[in-house]
Structure formats: structure tokens, C-alpha cells
Amino acid sequence: TVSCFFGNLSESPLKNLHCQIDHCDHLRMEIQGTPGIVEDGCDVKVKTQAKLRLNVQVLAPYDDAPALRVIFEHDGNLYDYPHSCNLLHGTCFFRDGGIQESMAIVSAK
């Protein structure tokens with residue numbers, strides 16, 4: 001489980017905060033969080049926070065992370081932050097009677 005919290009410590013609300021996450025064939029993700037955070041966007045009032053929670057299941061070895069974009073408006077300005085999900089995983093996959101191990105560290109960009 002990966003949890004992201006988006007806190008607003010400014011003096012004005014964040015408008016239309018939403019997250020876009022790339023689909024990856026090697027991952028199964030269940031996405032939860034503040035209503036609207038992955039659909040139409042949500043507003044984050046002053047001194048509150050929004051939450052994004054990803055339950056991730058690794059289906060196959062991989063070395064690339066899904067892209068995550070965080071987009072919001074603040075004081076009339078649009079902000080768009082592309083990120084790479086920073087994941088550390090170690091998995092074992094059973095293939096043709098043997099075990100194929102995979103360990104990858106994917107750095108945030």
C-alpha cells in the first residue's frame with residue numbers, strides 16, 4: 001500500500017486537485033482516496049489534506065515505474081507535477097517449475 005497526502009498549509013484553497021496514474025500491465029492497482037482525486041478533482045481547504053491510497057499487486061517483474069501526475073490550481077495558477085512512483089519491491093514468480101526472483105528499486109523523478 002502506498003499512501004500520498006496532499007496538505008494545504010497556504011492561506012487559500014487548492015482547487016481541482018487530481019491525480020493521473022498510468023496503467024501498467026505488470027501492476028494491478030486499487031485506487032482509493034478523497035472523493036474526486038482521480039476523477040474530476042477535489043478542492044483542498046486551508047489547513048486540511050487530501051489522500052490518495054494505492055493498493056498495488058505486482059503481477060510480473062518490471063524495471064519501470066508508473067507515472068503519477070499531480071495537477072491543481074492555486075491562486076489562479078495551474079500546477080502540473082509529473083512524478084515516477086517510487087516503489088521498492090521484492091517478489092518471487094513461479095515460472096515453468098522454477099523461481100524467478102526480481103528485486104528493483106525505482107527512483108522518484
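# Briefing on an all-strand predicted model

D80 is partly exposed, at a relative accessible area of 37%; buried denotes under 20% relative accessible area, exposed over 50%, and partly exposed the range in between, with a 1.4 Å probe and protein chains only. The model is predicted: local features require pLDDT of at least 70 and side-chain atom pairs count only at pLDDT 80 or more, whereas totals for chains, interfaces and linings use all residues. Residues are numbered from 1 along each chain as its sequence is written, and side-chain values use heavy atoms, with hydrogens and water left out. The protein has 0 helices and 9 strands.

**Overall architecture**

- Helices (H or I, at least four residues) and strands (E, at least two) are DSSP runs numbered from the N terminus, and the order of elements from that end is β-β-β-β-β-β-β-β-β.
- Buried residues make up 33% of the 109 residues of the protein.
- Of the contacts (heavy atoms within 4.5 Å) between residues at least 6 apart in sequence, 60% join residues at least 24 apart.

**The four-stranded sheet**

- An open sheet of 4 strands is ordered β4-β2-β6-β7 and paired in the antiparallel sense; two strands pair if DSSP finds at least two bridges between them.
- The antiparallel pairing of β2 with β6 extends over 6 bridges, and C19 stands opposite V70 in β6.

**The nonpolar core**

- A nonpolar core is a set of buried Ala, Val, Leu, Ile, Met, Phe, Trp, Tyr and Cys residues joined through side-chain atoms within 4.5 Å.
- The largest such core holds 15 residues, of which F6, L17, C19, I37, L52 and V70 touch the most other members.
- At least two residues of this core come from each of β1 (2–7), β2 (14–21), β4 (42–44), β5 (49–58) and β6 (67–74).
- Residues up to four places away in sequence aside, I37 touches F6, L17, H18, C19, C42, A50, K51 and L52.

**Salt bridge**

- The whole structure contains 1 salt bridge, defined as a side-chain nitrogen of Lys or Arg within 4 Å of a carboxyl oxygen of Asp or Glu.
- This bridge joins the side chains of D80 and R69 at 2.1 Å, N to O.
- D80 belongs to strand β7 and R69 to strand β6, so the pair ties together parts 11 residues apart in sequence.
- R69 is partly exposed at 32% relative accessibility.

**Aromatic pairs**

- There are 3 aromatic pairs in the whole structure; rings of Phe, Tyr and Trp (its six-membered ring) pair if their centres lie within 6.5 Å, with planes under 30 degrees apart termed stacked, over 60 edge-to-face and the rest tilted.
- The ring centres of Y79 and Y81 are 6.3 Å apart and the planes lie at 10°, so this pair is stacked.
- Both tyrosines are partly exposed, Y79 at 28% and Y81 at 39%.
- Ring pairs link F72, Y79 and Y81 into a cluster.

**Surroundings of G33**

- G33 is located in strand β3 (residues 27–33) and is partly exposed, with a relative accessible area of 40%.
- Apart from neighbours within four places in sequence, G33 contacts K51 and L52.
- The C-alpha atoms of G33 and L54 are separated by 8.5 Å, the two residues being 21 residues apart along the chain.
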